[in-house]
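Please look over the following briefing, which covers fold, surface, charges and confidence in turn.

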Amino acid sequence: MSFERAHGLLEEIRNLRAAMGAGVTPSPTMLHPLWLLQRLLVKEITRAERKIRRIKSILRLTAEHDGSDRSISLMT
């Protein structure tokens, strides 16, 4: 869902850029899609980092109980 939203925002930004002439200063309303895209990217990056932390903690627990080379190599 967020990939489709990001793609739509990028298309909107491209269209605005094409509609603007050289040397035209964009208004705050013209920059709104860019702001939305940045917000979406920050949200998705934060979500991915949260998942990484959770997976690393699971791997750490697995390595402590298992002690095998495979689980230790997955942590690095």
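What is the mean pLDDT of the chain, and what share of its residues reach 70 or more? The mean pLDDT (the predictor's confidence in each residue, from 0 to 100) is 83, and 86% of the residues reach 70 or more. This is a predicted model, in which local features need pLDDT of at least 70 and side-chain atom pairs count only at pLDDT 80 or more, while totals for chains, interfaces and linings use all residues. Residues are numbered from 1 along each chain as its sequence is written, and side-chain values use heavy atoms, with hydrogens and water left out.

**Fold and confidence**

- The chain has 3 helices and 0 strands, where helices (H or I, at least four residues) and strands (E, at least two) are DSSP runs numbered from the N terminus.
- Read from the N terminus, the order of elements is α-α-α.
- Confidence in the chain is highest in helix α2, with a mean of 89, and lowest in helix α3 (residues 69–75), with a mean of 58.

**Surface and burial**

- Of the 76 residues of the chain, 11% count as buried, a term that stands for under 20% relative accessible area, with exposed meaning over 50% and partly exposed in between (1.4 Å probe, protein chains only).
- The accessible surface of the chain comes to about 6500 Å², and carbon and sulfur atoms account for 61% of this area, as computed by the Shrake-Rupley method with a 1.4 Å probe, where for residues only the protein chains shown count as cover.
- L34 has its place in helix α2 and is partly exposed, at a relative accessible area of 35%.
- Although L34 and L9 are 25 residues apart in sequence, their C-alpha atoms are 7.3 Å apart in space.

**Salt bridges**

- The count comes to 2 salt bridges, each defined as a side-chain nitrogen of Lys or Arg within 4 Å of a carboxyl oxygen of Asp or Glu.
- One of them joins R14 to E11, with the closest N and O atoms 2.7 Å apart; both residues lie in helix α1 (residues 2–19), 3 residues or about one turn of the helix apart, and E11 is partly exposed at 32% relative accessibility.
- E44 and R47 also meet in a salt bridge, at 2.4 Å from N to O, and they are 3 residues apart in helix α2 (residues 28–66), which means a separation of about one helical turn.
- Both partners count as partly exposed, E44 at 23% relative accessibility and R47 with a relative accessible area of 37%.

**Positive patch**

- R50, K51, R53 and R54 gather in a surface patch of positive charge, where patch residues have over 30% relative accessible area and no salt bridge, and like charges are joined within 9 Å.
- R50, one of these residues, is found in helix α2 and counts as partly exposed at 47% relative accessibility.

Notes
Patch = residues over 30% accessible without salt bridge, like charges linked within 9 Å, V, L, I, M, F, W, Y side chains within 5 Å. Lys, Arg positive; Asp, Glu negative; His and termini not counted. Charge placed at Lys NZ, Arg CZ, Asp CG, Glu CD.
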